[in-house]
Amino acid sequence: MTIKIGNIELKDNVFLAPMSGVSDAPFRKLVNNYGAGLVVSEMIASRAMILETRQSLAKLRKADNQEISVVQLAGCEPDVMAEAAKMNEDLGADIIDINFGCPVKKVINGDAGSALMRQVPLATKILEATVKAVNIPVTLKMRMGWDNSSLNAPEMARIAEDVGIQMLTVHGRTRCQMYKGNADWKFIKNVKEAVKLPVIANGDIVDFASAERAMAESGADGIMIGRGTYGKPWFVKQVIEHLKGNDFAAPSLAQQKEIILRHYEEMLELYGTTTGIRMARKHIGWYTAGLHSSSAFRNEFNRISDPQMAKTAISDFYELILNSGEQTILHQAA
Ligand SMILES: Cc1cc2nc3c(=O)[nH]c(=O)nc-3n(C[C@H](O)[C@H](O)[C@H](O)COP(=O)(O)O)c2cc1C
């Protein structure tokens, strides 16, 4: 099933989710190396964007193998969202994604993110202003609603379609659920049936079975994967191939060692040594989870503040496993 967003035709229908602190340029590049329908930037606050803060500019950096640049914006002021969208278009974004899903207090206290699910008139103005401001497609990512008594994603979807939004992604949870409970893929079908737009189902897709169920239960055109890619940047591609009836093998442990070392270097290049070392620790934790003696390794590793020592530690850890012949990779069982 081919998804078209405006004039942009996607090769595949499995996407990498926007994740603050995770889906930065190095990670998007890695996921893209294997293959993904789309990889979405971390959310950028629209006000920070128009002030061109260093952090917001770093977030929108396109991975160097990224053909389609999707920049996600959050905000609660229609004119500021419009201006930020225009700036991103001028800077080369191909698609603007609007965030109506973020449940974090810092974001929703400003009535942005998922708070907009219960502020329909303001949400409508934001969607309208953003669409009007740019010539590139604008998409929307939302939750099912604020809480169980206000599951208004289908209504929001119709509004979005009317004002010219070109694709919808639905995380199958309410704002009040935060990340608790299970994503409700069946509910997403109500959104799919409410509009003609492409709809993408999101939430709790962690293996092939959940990918298949999310597709079947939602009737969506595609799926978006977030946490399921932790430590497995190849997972999106594996799901793409699985849904086509093919197999795509995870890289060998020896290949993973090289991937991780390169990822580590790219994070240090993007963030600088001090911040890079800190930011990379979670990825190293995810990559090594389930490997022999990995918790002892992480305890040691997280104390290292010298990049060369850190790379040697990663290398030694993998070499030890490779040389011992113990190559069971527990966390990769799809
Ligand atoms: C660490 C983290 C950061 C996130 N940041 C964003 C974000 O910037 N924008 C957004 O729309 N959603 C964000 N999300 C939500 C994800 O895009 C996704 O909707 C959610 O994690 C459910 O999908 P999953 O179960 O596949 O992870 C974030 C989630 C996580 C775990």
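Predicted model: local features only at pLDDT ≥ 70, side-chain atom pairs only at ≥ 80, totals over all residues.

**Around the ligand**

The ligand is surrounded by 17 residues, and the closest are Ser20, Gln72, Asn202, Asp204 and Arg227. Residues are numbered from 1 along each chain as its sequence is written, and side-chain values use heavy atoms, with hydrogens and water left out.

Let's look at the polar contacts, which are pairs of N or O atoms within 3.5 Å (within protein, one must be able to donate a hydrogen and the other to accept it, and residues adjacent in sequence count only if both atoms are side-chain atoms). At Ser20, a polar backbone atom lies 2.8 Å from a nitrogen atom of the ligand. The side chain of Gln72 has an N or O atom 2.7 Å from a ligand nitrogen. At Asn202, a side-chain N or O atom is 2.5 Å from an oxygen atom of the ligand. Taken alone, the ligand exposes 610 Å², and the protein buries 88% of that. Those areas come from the Shrake-Rupley method with a 1.4 Å probe; for residues, only the protein chains shown count as cover.

What is the shell made of? It divides into seven nonpolar, seven polar and three charged residues. For that sorting, Ala, Val, Leu, Ile, Met, Phe, Trp, Tyr, Cys and Pro are nonpolar, Asp, Glu, Lys and Arg are charged, and the others, Gly among them, are polar.

Asp204 sits in the loop between strand 9 (199–202) and helix 9 (208–218); helices (H or I, at least four residues) and strands (E, at least two) are DSSP runs, numbered from the N terminus. Its phi is near 65°, a positive value in a residue other than glycine. Most residues other than glycine have a negative phi. Asp204 counts as partly exposed because its relative accessible area is 21%; buried means under 20%, exposed over 50%, and partly exposed in between (1.4 Å probe, protein chains only). Met178 also has a positive phi without being glycine, near 50°. You'll find Met178 in the loop between strand 8 (168–174) and helix 8 (185–194), partly exposed at 29%.

Ser69 lies in the loop between helix 3 (54–59) and strand 5 (70–74). With a relative accessible area of 5%, Ser69 is buried. Leaving out residues up to four places away in sequence, Ser69 touches Lys62, Gly92, Ala93, Asp94 and Ile95, where a contact means heavy atoms within 4.5 Å.

Helix 4 (residues 78–90) has 13 residues and reaches 18 Å from its first C-alpha to its last, close to the 18 Å expected at 1.5 Å a residue. The expected span is 1.5 Å times one less than the number of residues. Among the buried residues of helix 4 are Val80, Met81, Ala84 and Met87. An α-helix has 3.6 residues a turn, so residues three or four places apart point the same way. The cover over the buried residues of helix 4 includes helix 2 (46–50), strand 5, strand 6 (95–100) and helix 6 (120–133).

Lys196, in the loop between helix 8 and strand 9, is exposed because its relative accessibility is 78%. Val236, in helix 10 (residues 235–243), is buried at 0%. Val236 and Val14 are 222 residues apart in sequence, yet their C-alpha atoms are 6.4 Å apart in space. Setting aside neighbours within four places in sequence, Val236 contacts Val14, Phe15, Val31, Gly35, Ala36 and Thr229.

Methods. Near = heavy atom within 4 Å.
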